[in-house]
Amino acid sequence: MTNTEVFLQQLIYGLSNGMIIALVALGYTMVYGIVELINFAHGDVFTLGGFLTLTIVGVLGAAAIIEPGALGESSHWLLLLGLVIAAGVFCGGLNLAINRIVYKPLRSAPKLTQLVAAIGVSFILVNIALFWGGAPMKVFGGGNAAAASKDFPEILEGSNLLGDSSNVVLRLEDIAIFAVTIPLMIGLTLFVKKTRLGRGMRATAQNPIAAKLMGIDTDRVIAATFLIGGFLGGAASVMWSVYNNTISFQMGFRAGMDAFTAAVLGGIGSLPGAMVGGVLIGLIRAMSDQYIETRWTNVVVFGVLILILIFRPSGLLGLKQREKV
Amino acid sequence: MSALLEVQNIVAGYGSIEVLHQVSLEVHEGEIVTLIGGNGAGKSTSLMCISGIVPLRGGEIRFAGERISGVGEGIRADKLVGRGLVQVPEGRRIFPRMTVLENLMMGAYGRDDKAGIAADLEKVYALFDILKARSSQLGGTLSGGEQQMLAIGRAILSKPRLLMMDEPSMGIAPILVSKIFAAVRELNRGGLTILLVEQNARAALKLARRGYVLETGRVTLTDDASKLLVDPRVREAYLGDG
Amino acid sequence: MMMNSMKTANFRSAISAFAFLTSFALLPLAGCGSDKPTAPAATAADSIKIVSSLPRTGSANAQTTSMVNGIKMAIAETNGKIGDTTISYEDWDDASAQKGNWDPTVEAQNADKAIADEAVMAYVGTYNSGAAKISMPKLNAAGMVMVSPANTAPNLTKAGFGEPNEPAVYRPSGKINYFRVVPTDDVQGAVAADYAKELGATKVFVLDDREVYGKGVSGVFQKHAKEIGLEIVGTDGIDTKASNYKSLITKIKQTGADLVYFGGTTQTNAGQIAKDMVAGGLKAKLIVPDGCYEKAFIEAAGAEALEDRCFITFGGVAAKSLTGKGRDFYLAYLKTYTSEPEGYAVYGYEAAKVVISAMQRIHAAGGTITRASVLAEVGKTKDYTGALGTWSFDANGDTTNRTMSVNTVRNGEFVMVKVVN
Amino acid sequence: MAAATSRFSLFSKGQLVVLGLLASTPLIDVAMPTLRLSAPMRTVVTSAIIALGLNIVVGWTGLLNLGIAAFAALGAYAFGILTCEIYPFQVGFWWGVLLAGAVGAFAGWLLGAPTLRLRGDYLAIVTLGFGEIVQDGLKNLEAITKGTQGINPLPAPSLPGIEFSSETPVRWFYAYLAILAVVVFLCRNLEFSRLGRQWFAVREDELAARCMGIQPDKAKLKAFAIGAALAAVGGALIASQLSSTGEPANYDFQMSILALCIVIVGGIGSITGVMVGAIVMVGLNNVVLPIATQSLQNAGIGSTQNVLTSPDNYKFLLFGLALVLMMRYRPDGIIHSGKAVRK
């Protein structure tokens, strides 16, 4: 491989991984922006999205996955779309329920109390994922191996789009990530800018009391935020599963940590910030793996983070100062 | 004619501290009433109670003849806006990461009458032409006085029956203060009822028809504004004529 | 007045502080009886216990469950009695919920607990070599026998593989109390390197998971590979929690490596590496050590990613290829648990079995079962015929059994391709 | 008021009660030997010390730190390098602990100096990142730290005429408890010192504090360094107890999270509360959950046949549920100091 080819390849991987991180980061940043809660459980909601996805794929069975064109030419894309919607709705609903049951009663409690409750929820969800991994289905392996990582079947054809002779590998899944995440991000941006509820979200995030004084039902806005953040996490979990071909009950840990870092790097509370932060972290990881050493990648990622924050204390796209509420 | 707003013996506070002890006041249709008092007298808390943000511990509040809040109950803050009870909060509280136009449109959050909104927007622009010039600028980049105008404009778009303003002159260049007060007078001439909370008692009393003096959570004095302006107690404590 | 009340308060608190400090000083005396609970009764206890300390919470659960099943079978075969003495077994977890992985404070606590419980005669464990380092010196000082069914890091028992003070540091009493029934990584790493050469590899990239076991076995592999003339084109340590290794694979691809060695386990993401080698278009072969010899590895990697391209070294042979007593074990396991045993199940069984048979020998000779006698007797294990064949403990406490197998995956099943003695 | 009357005492009543309670646990062991409480008690003490360090930062100064484990790791490794026989220093237990604390303070200062002006949650992520950096750094710098192998053996506490070893866990526990008592005493004095008042002022309102002539950055930096020093002492004591630094991965994000849970569950800002938090959380993690699963096993309930039937597999769930319920019903922690900010 020539150096250019290597760089191109790392660029592809960095962007693909980064886009997934960005999707998860949006869920963090939206919830943080509105209730100032670092929602520790978000990564684990994402994990359960992966398990739901694998369950659906398992129920549909080989016909939908392996036989090309079982539902016509674009069957794989339809399946992917279906999975995104299913996992999105599931994770959105789950996030909504968690907000209703756990966070809402604690809304006037100290922020750190909510944080610890979120940590507790995270542990509960991890355990649910562990149990789910023992589901008596062929795709899960069943029984004792519940804790093991699960192979996620390839639902998109795995061959190299640039041809077998090419050193650079570009697969359908790389394209799929962009095909799914970019419309979602555009959709979210439009939603937040153009719809009434979206404007309510922005207003609540920027000044909850003023938002109430404008006649905004902030409880409803908060619920909607959890719903949408969860939906994006669910979509991310589908892309993660399709891209890595693996799910495991602890997959939300790193995904969550990366996403949280991305959200802060971009400026927490800022939607474009989360997207930029996510992509940036994906790229830094890829480049560090290649040009430094994998063993130092985490150090590089967090080192860059600290440096950036020293010089831009509110993140890349964050506002210099937030109004004190 | 009964009052548009009746506040009867309300008690409120934060945590273990009681801020308001049995405050009562009324505002009639079409008048400007001002609430003056020193720092920490409970002026802002009174407005927050009326807006439904701070819960009551005693007393009740009626608006347009209807009971809107009492102890442990009341209509939620966001619903009150729809009934025309609108506040311009202290410190403006504009949305810094929205454009001026978006900020204004947040005022119309609960409204669906497009034509009415457009007309109100024109009204705001006529009142404060600077807002039109800055309509695509981010709210956070405006000066303090401009932000105050924005906050008032935003409130107008909520189609208020009663407009409550909390310290509109605070931290603003004097030249803009007179501009804002002129706008308040104009709004009132157009038929809008206004409850004005101010530290700048002289300006407020000149503008208002009636006034209330609030001291450490109690109404200590109430009268026509013109009489309060000459009342020695008021002159000494709030007009700097001691 | 103010001064006065302050003085009173001051005085009162001084008294309470004094009371506290006194109780402090006295309590150790009061607790003296409990301070030295370690000396086990020299007389035969009416019940004896074997405990195991393995990570039961979290991702290693699949493998350790299989080992626990093996131990339970060994206990069951005694019908719960050695002579008239009841023998029981407790399955301890050295992971904590908060960590989801082995937790050093819990491992230390397990060792302390075992030492304090007079009925405990033997400690079966640990799974992670890092955990063994915590409990070994404690159990050694207490004179309790410890048999590991899974630790393979050579520096736990042999000099020259780690720090100069190893393994003496694990033997404060100067005696040997730690035994293992599984061949160590100095054997395994070398077998893997030899097999790499046999596969025709010339350029090798060595990865490890930056944990005690993975680091150790990949180190031996690398050393031996160099000795037999393979070129090491690169080394790196992976981030075991990464979502994928596509970037790393690209880097390996650039080096032109024709074989990748990964020192690590299923839990440290071996499956993802195998998978990303395929996805990244890296056509090299992959060799992994016994930490991947479990169904979970195939499940994680997906059978296609491994098919005839990944090779797994394992100390011993596959359960279903066992002969003699091993065959009996295999059949009994299938019957009891209605599932195929994992690779390490038989080691769990053998570890417990070796302890039990030592106890039975003591009983048969009319001796009393004490920690000391069990320790001495286990150490004497020689030409023992068990599920793993006939073997002895050598002077270091390691098994003389050096049978290693090389396995691959075909049609989603482990297939043995070579046995090395 | 309480401050005025008890200002000159060694400990407050609450602190005395908890320390006394801890001191009497070996008696519980004598009474109920099957519980074997003495084994995890040292972990309660070390966790309490780390959490007390965190409490200075989070509870008193209002800075969210998600990487306290990094300082515990640095303390453990400093202690290891300074005392282990394979290194040339071999300064012994007491110097080792003290110097580990100094290393922690220095590291806290080093991290804090450029980053403390960051707003709350930005600082949180910086500390989280620092935790990862330290962990990976310790893993990768094998020449110094022995990488994942850990540094061993490490010395036990030593006092003239008194022997400490793994055979005398009770004595060892009392040595640790004495160190905890010293830490509590220090914290208590800090709480009522000028510096303590500066921290509270900074926490409540930085601007107002500045107006009162306090330099918030300096006060924060001191909190950070002192908190880090205590965490490092805790780390050193863990290493001594294990006679090994363990692996760098032992001082991971989960450890930081546990320390945070201890502070919040116990009662943020309250020294007594933090100690109670350590008892509750370590008790849950190291005593209650293991004993619960063990009793189920002994009773023959559950089997290894299926993931759902094995009691061990419920630990995450129970741990999480306990956290959620404690926060739901004691949102201000078990011991409410009344001083913590609601922000």
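Start with one pair of residues: D252(D) and K99(C) form a salt bridge, and their closest N and O atoms sit 2.8 Å apart. Keep in mind that this is a predicted model.

On the chain D side, helix 9 (residues 169-191) gives the largest share of what touches chain C, with 7 residues. Sort that side of chain D by class and you get 26 nonpolar, 23 polar and 13 charged residues. Taken as a whole, the interface has 62 residues of chain D in contact with 61 residues of chain C. About 5600 Å² is buried between the two chains, and carbon and sulfur atoms give 55% of that.

Now look inside chain C. Its domain assignment gives domain 1 (12-183 + 319-391) and domain 2 (185-315). Their centres, taken over C-alpha atoms, are 31 Å apart. Where the domains meet, 19 residues of domain 1 are in contact with 12 residues of domain 2, and about 1500 Å² is buried, 51% of it on carbon and sulfur atoms. T152(C), P183(C) and E342(C) supply 25% of the area that domain 1 buries here, more than any other three residues.

What about charges between these domains? The rule finds 1 salt bridge across their interface, along with 7 residue pairs in polar contact, both at pLDDT 80 or more. Helix 5 of chain C gives the most to the domain 1 side, with 3 residues. That side divides into 9 nonpolar, 6 polar and 4 charged residues.

Note on methods: Residues numbered from 1 in each chain as written. Chains lettered and ligands numbered in written order. Predicted model: local features only at pLDDT ≥ 70, side-chain atom pairs only at ≥ 80, totals over all residues. Heavy atoms only, no water. Contact = heavy atoms within 4.5 Å. Buried area = accessible area lost by both parts, 1.4 Å probe. Salt bridge = Lys/Arg side-chain N within 4 Å of Asp/Glu carboxyl O. Helix = DSSP H or I, 4+ residues; strand = E, 2+ residues; numbered from the N terminus. Nonpolar A, V, L, I, M, F, W, Y, C, P; charged D, E, K, R; others polar. Domains from an automatic or database assignment. Polar contact = N/O pair within 3.5 Å; in protein donor to acceptor, adjacent residues only side chain to side chain.
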